[in-house]
Amino acid sequence: MAGAAGQQQWSSRWTFLLAAVGSAVGLGNIWKFPFEAGQGGGGAFVLVYLAFVFAVGLPVLMAELSLGRRGKMSPIGTMEKIAKEEGRSKAWSIIGWSGVVGGFIVISFYAVVGGWVLAYIVKAFSGFAGFDAAISTDTFVAYISDPVWPVVSQFAFIAITIGIVMRGVKGGLEKAVTYLMPALFALLLGLVIYSAINGAFAETLTFLFSPDFSKLTLDTVLNALGLAFFSLSLALGSIMTYGAYLTKDINIPRAAIAISLADSAVALMAGLAIFPIVFKYGLDPAGGGGLVFTTLPIAFGQMTGGIIVGVLFFFLLAVAAVTSAISLLEPAVSYVSERLGADRKKVTLYLGLAAFLLGTLSAWSQGGNILSDVKILGADIMGVKDYLTNNIMMPLGGMFIALFVGWFVSRKNMMEELAMEESTFRIWYFLVRFVCPTAIGAVFVSILYNTIVG
Ligand code: TRP
């Protein structure tokens with residue numbers, strides 16, 4: 001598996017789809033979506049998120065897969081190559097750069113949360129008997145406030161990720177996703193049913209699906225946009241790199257639709273599993289990043305077979321997180337091995353360790369940990385990395401990808417990659433040329449306006 005991105009290929013259509021879904025479905029859906037929906041006030045946020053997934057995310061997803069398959073290199077190499085082919089400025093490679101660097105920043109906090117999940121697998125073995133809202137919250141805060149263990153668990157998470165990326169996409173990744181992703185889906189469905197029977201389900205349905213637009217602020221709209229990109233793995237090179245391993249026979253639009261549907265379904269299922277417990281036990285829906293770790297253990301503590309279900313849930317969540325983390329590390333690995341011609345294994349190891357070191361700062365910024373008092377513009381270190389990538393780099397990256405394929409790559413070449421009927425192609429073309437840039441641009445301009453004038 002040494003060398004440039006173009007030398008690897010998926011072994012079948014099915015494994016590609018699973019890997020792409022594996023990249024998309026992760027902590028973004030199960031950890032981030034519920035707590036951001038909770039903070040964003042519920043229904044209106046969910047609706048805006050879904051609109052962004054399908055009107056902005058899906059067309060950009062198709063664009064990224066097409067660019068990746070056309071370029072067959074790392075995101076930076078691919079952008080340089082296609083810009084050159086189309087007679088455009090080399091400056092477009094900045095999309096690739098922002099992706100490689102952004103992916104690196106994301107993994108340096110993603111792995112911290114991944115580590116929390118690993119720690120909860122261990123906790124789940126002794127069960128959560130007697131957990132109520134207070135005990136559950138204390139247990140979580142105590143864990144993330146410890147100076148040592150969150151760093152250790154982050155390290156374990158990165159080590160697993162490094163191990164899989166070293167083996168290349170076939171050896172490690174395909175096996176992990178073939179059985180475990182469907183298993184996660186099934187377990188989540190089971191949890192939704194459990195929560196529907198035992199939790200405050202009616203309240204949850206109202207909260208998640210009857211939008212109260214007075215709760216929507218510009219910032220929540222930007223959060224929803226960022227989350228749509230985050231949960232679909234867009235604009236940071238992940239999907240472009242996976243596109244580079246695609247063979248010609250794969251129908252990109254169909255794959256992209258399947259990925260978006262699976263991705264938003266998992267997010268909604270996570271919401272439906274978690275909020276009934278939130279409301280039943282009087283937890284705060286806007287409580288933030290601890291939500292999944294404080295709510296589900298209460299349910300596991302009460303159900304029969306809760307130990308097995310709890311262990312299984314955190315194990316499968318860890319798998320989903322690892323299959324996403326792989327796709328965050330892969331763009332940087334493919335770029336460095338392409339540029340330096342260096343050994344893929346070594347590159348993975350060094351980049352992974354660098355991400356770990358940067359990640360310890362995120363780990364220590366949480367709860368009452370040693371760097372939790374360090375605030376930059378009101379946010380802790382992890383919050384800053386999250387805001388920078390989620391709310392700035394991803395939407396802007398997505399906007400430039402849409403502008404690039406919409407206005408700077410020839411229509412004929414895009415048509416060839418996407419292989420759609422003229423009539424459906426026209427819809428996509430309209431979305432990437434006008435809707436995506438305007439929607440993203442409008443959110444940005446309004447926020448800018450608000451910060452300056454308001
Ligand atoms: N989509 C993943 C999740 O929901 C995270 C992720 C993987 C990601 N690759 C990405 C996010 C690229 C942004 C960009 O957990």
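Helices (H or I, at least four residues) and strands (E, at least two) are DSSP runs, numbered from the N terminus. The model is predicted, and local features need pLDDT of at least 70, side-chain atom pairs count only at pLDDT 80 or more, and totals for chains, interfaces and linings use all residues. Residues are numbered from 1 along each chain as its sequence is written, and side-chain values use heavy atoms, with hydrogens and water left out.

View 1. A pocket is defined on a 1 Å grid over the protein atoms alone as an open set of points with protein on both sides within 12 Å along at least five of seven lines, whereas a cavity is a set of points where a 1.4 Å probe fits but cannot get out; lining residues have an atom within 4 Å of a point. Grid points are joined across faces, edges and corners, and a volume is the space filled by probe spheres set on the points. The volume of the largest pocket is about 810 Å³. Its lining consists of 36 residues, and those nearest the centre of the pocket are F35, Q39, G288, G289 and Q366. At least two lining residues come from each of α2 (27-39), α5, α6 (133-145), α10 (218-231), α13 (291-302) and α16. Helix α16 gives the most, with 6 residues. The lining of the largest pocket comprises 13 nonpolar, 18 polar and 5 charged residues (Ala, Val, Leu, Ile, Met, Phe, Trp, Tyr, Cys and Pro count as nonpolar, Asp, Glu, Lys and Arg as charged, and the others, Gly among them, as polar).

View 2. D386 is part of helix α16. With a relative accessibility of 15%, D386 counts as buried (buried means under 20% relative accessible area, exposed over 50%, partly exposed in between, with a 1.4 Å probe and protein chains only). Leaving aside residues up to four places away in sequence, D386 touches K32, E36, F109 and N391 (contact means heavy atoms within 4.5 Å).

View 3. The structure holds 2 cavities of 30 Å³ or more. The largest cavity holds about 140 Å³ of space. It is lined by 18 residues, of which S23, Y110, F230, S233 and L328 are the closest to its centre. Helices α1 (13-24), α2, α5, α10 and α14 (306-340) each supply at least two residues of this lining. By class, the lining of the largest cavity divides into 10 nonpolar, 8 polar and no charged residues. The second largest cavity holds about 40 Å³, and the residues that line it include E64, P75, A235 and I401. Helix α5 provides the largest share of this second lining, 3 residues. The lining of the second largest cavity has 6 nonpolar, 3 polar and 1 charged residues.

**View 4. Aromatic pairs.** Rings of Phe, Tyr and Trp (its six-membered ring) pair if their centres lie within 6.5 Å; planes under 30 degrees apart count as stacked, over 60 as edge-to-face and the rest as tilted. By this rule there are 33 aromatic pairs. The pair of W92 and F404 is tilted, because the ring centres are 4.8 Å apart and the planes stand at 45 degrees. W92 lies in the loop between α4 (75-85) and α5 (94-125) and F404 in helix α16 (residues 381-408), so the pair ties together parts that are 312 residues apart in sequence. Both W92 and F404 are buried. Y242 and Y245 form another tilted pair, at 6.5 Å centre to centre and 35 degrees between the planes. Y242 is buried at 1% relative accessible area, and Y245 is buried at 0%.

**View 5. An aromatic cluster and charges over rings.** Ring pairs join W116, Y120, F128, F131, F140, F293, F300, F313 and F314 into a cluster. K123 lies over the face of Y120, 5.9 Å from the ring centre, and R433 lies over the face of W407 at 3.8 Å (a charge sits over a ring if NZ of Lys or CZ of Arg is within 6 Å of the ring centre and within 35 degrees of the ring normal).

**View 6. Surroundings of S66.** S66 belongs to helix α3 (residues 43-71) and is buried, with a relative accessible area of 1%. S66 and E417 are 351 residues apart in sequence, yet their C-alpha atoms are 5.7 Å apart in space. Not counting residues up to four places away in sequence, S66 touches I252, M414, E417 and L418.
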